[in-house]
Amino acid sequence: MIEKKKAVIGANSKKPPVGHGNSKFHGEKPKNFKKTWKKLINYSNRYVSLVIIALLCAVAATVISIIGPDIIKDITNLIQQGIAKAFLTNKTDTIDINAVTETCIIMLSLYVLSWILSFSQQYIMATVTQKLSKKLRTDITEKTNRLPFSYFDKVSYGDVLSRITNDIDTIAMSLNQSIAMLVSSVTMFIGSLIMMFITNYILAFTAIITTIIGFILMSVIMKHSQKHFARQQRHLGAINGHVEEIYSGHIVVKAFNAEKSAKEDFERINRHLRDSAFKSSALSGLMQPLMNFVGNLGFVCVCIVGALLLFDNQITIGVIVAFMMYVRLFTNPLSQIAQAFTSMQSTAAAGERVFEYLDATELENEAHKTTVLTDVCGNVEFKNVKFGYTKDKTIIKDFSLKVNAGDKVAIVGPTGAGKTTIVNLLMRFYEINSGEILIDGINIKDLKRENVHDLFCMVLQDTWLFEGTVRENLVYSKENVSDEQLISACKAVGIHHFIHTLEHGYDTVLDDKTTLSSGQKQQLTIARAMIENAPLLILDEATSSVDTRTERIIQAAMDELTKGRTSFVIAHRLSTIKNSDVIIVLKDGDINAVGTHEQLLSQGGFYAELYNSQFENA
């Protein structure tokens, strides 16, 4: 949950439909690669010491590997000298077996040490990346609680989930592989280059000239592939948002025969994802075969030049053998460097989306607020409240209202009049543009949001139950609830008998296997509000999903629930609010009329039109 209680976005909310308007990603320019990596490094500063140790292990393991060909050169030369001596002396024991054995043991020991260092590096990096992933997910979850509801009016839930899952997984996998690979590859490249020059500078220049081609082509490919990786991550978030929306509303989609339209939207977004994924994969996929070609070309050139030098007695066979290995060690890092940079581009694209979320404007920090409202009477006052979900369109224009403690206030009006918006403002799910909202004379802006939410129990038109037991759903976020309180609330709303028919009663887990009707879900949420026992009550079309008999039971329970509490009831069926102390009629964001049911009917105004329209065809 984003807040302790969930707000209902009103009809005037400007949240864009998911799956539309995502074509803007198609021509998106690449973002700042260096800036994102700098943020990622700063974010990971607590793990810097471990990463440095891992990288030192990678460097040491690579250096040891580079020494190997030089040792093989010595072994080859020992064997060559022995064979040459055998030809001259006609003896068979001319090879210095002890020297060869000692050299082999040294080489084996170095390779074992190299393996231990490589394993240590991989273990440390795996540990660091998993801790970093955990920290990112934790920070995103905590960030979600600090974001205003207006943020989620503009960003789809599926896109947010994609950042928590796909983007963080991309960052973790890339960090686990690319950084160590890049460091070890660069070390291997430089070390091989140095050893080649030490061994023979002519062969070294031969290898370098062939690899320059690879560097040039690699830089060109990387320049063009970066933008496609950024687009790929954006399109992935867009398609997750679309799928989340369509599958959560699949009943509506089927009911309106909108499968074709939904499929077309999906195919359009999927096509953009396919294009960006194909281009990024195709361009990055060119790296490996390109580097293999360059490596093979260098290998052939070294063999030809080496043969000429050997024929001229400028080098030994051992030098050629060592150089053939050095060429492979020299060219392989090129493809690994290209692969590491490709992976780092994916990380940058995913990191941009994650940090974009973490850097989003938060709710005001309320740590400095010390006012706490506990013993609440229930007096509520709206003073000249103005509000709009967007700056260019005002929904609540100049709303003023005074509600006495214990009053049952009904809010009625046509769709879009601002009924739910009033409740959202009262709960501080949104901040008003101007004016004041007072509870017992205290401006709710002077209270912490948690304090405001604790003052209300809330029943929404859209029921919300999580996967857990019936008991856990009923006592949600409230401690020390006795079985007697639980049973009393359920009996009051008429759901106790049904719960007893479940296999494990109140300990039955509500999941996909447990079938509940919309009315039963609503009864559970009303029972939850009764258990919450807060001094103020909000009912937003709380009986809209139940049958007439159950409605009467719930209505009686709610009448009992509203006693002694200031309650705000949003209703479309005006017959359910006839006994309200005050009825507020909203129209176009303003109060059209205020009074009791009888008073408003006798006036014959807009309320009378609304009320009579519900019965004219009865």
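**Rings, helices and backbone**

Biologist: Are Tyr-151 and Phe-152 buried or exposed?

Modeller: The model is a predicted one, in which local features need pLDDT of at least 70 and side-chain atom pairs count only at pLDDT 80 or more, while totals for chains, interfaces and linings use all residues. Residues are numbered from 1 along each chain as its sequence is written, and side-chain values use heavy atoms, with hydrogens and water left out. A residue is buried under 20% relative accessible area, exposed over 50% and partly exposed in between, with a 1.4 Å probe and protein chains only. By that rule, both Tyr-151 and Phe-152 are buried.

Biologist: How many aromatic pairs does the structure hold, and of which kind is the pair of Tyr-151 and Phe-152?

Modeller: Rings of Phe, Tyr and Trp (its six-membered ring) pair if their centres lie within 6.5 Å; planes under 30 degrees apart are stacked, over 60 edge-to-face and the rest tilted. The structure holds 14 aromatic pairs. In the pair of Tyr-151 and Phe-152, the centres are 5.4 Å apart and the planes stand at 85 degrees, so the pair is edge-to-face.

Biologist: What is the angle between the planes of Phe-197 and Phe-205, and how accessible are these residues?

Modeller: Phe-197 has a relative accessibility of 33% and is therefore partly exposed. Phe-205, at 44%, is likewise partly exposed. Their aromatic pair is edge-to-face, with 5.2 Å from centre to centre and an angle between the planes of 90 degrees.

Biologist: Over which rings do the charged ends of Lys-135 and Lys-587 sit?

Modeller: A charge sits over a ring if NZ of Lys or CZ of Arg is within 6 Å of the ring centre and within 35 degrees of the ring normal. The charged end of Lys-135 is 3.7 Å from the ring centre of Tyr-43. For Lys-587, the distance is 4.6 Å, and the ring is that of Phe-606.

Biologist: Phe-606 belongs to helix α19; against which elements do the buried residues of α19 pack?

Modeller: Helices (H or I, at least four residues) and strands (E, at least two) are DSSP runs, numbered from the N terminus. In α19 (residues 606–613), the buried residues are Phe-606, Tyr-607, Ala-608, Leu-610 and Tyr-611. Contact here means heavy atoms within 4.5 Å. The buried residues of α19 pack against β3 (408–412), β11 (582–587), β12 (590–595) and α18 (597–603).

Biologist: Why are helices α3 and α5 described as roughly antiparallel, and at what angle do they pack?

Modeller: Axes are lines fitted to C-alpha atoms, for helices over the stretch in contact, and angles run from 0 to 180 degrees between N-to-C directions. Angles under 35 degrees count as roughly parallel, over 145 as roughly antiparallel, 65 to 115 as roughly perpendicular and the rest as oblique. The axes of α3 (residues 97–146) and α5 (residues 157–199) are 9 Å apart. The two helices are therefore roughly antiparallel, because they pack at an angle of about 155 degrees.

Biologist: How do α14 and α16 cross, and what is the handedness?

Modeller: The axes of α14 (residues 483–492) and α16 (residues 518–532) come within 9 Å and cross at roughly 135 degrees. That angle makes α14 oblique to α16. A crossing is left-handed if the near helix is turned anticlockwise from the far one by less than a right angle, and right-handed if clockwise. The crossing of α14 and α16 is right-handed.

Biologist: Where does Arg-428 lie, and what is its phi?

Modeller: Most residues other than glycine have a negative phi. Arg-428 is found in the loop between α11 (419–426) and β4 (434–439), and it counts as buried at 3% relative accessibility. Its phi is positive, near 60 degrees.

Biologist: In which element is Asn-384, and what is its phi?

Modeller: Asn-384 lies in strand β1 (residues 380–387). At 44% relative accessibility, Asn-384 counts as partly exposed. Asn-384 also has a positive phi, near 50 degrees.

Biologist: Which residues does Asn-473 touch?

Modeller: Asn-473 is found in helix α13 (residues 470–474). Its relative accessibility of 2% makes it buried. Residues up to four places away in sequence are not counted, and Asn-473 then touches Leu-465, Phe-466, Gly-468, Leu-510 and Arg-528.
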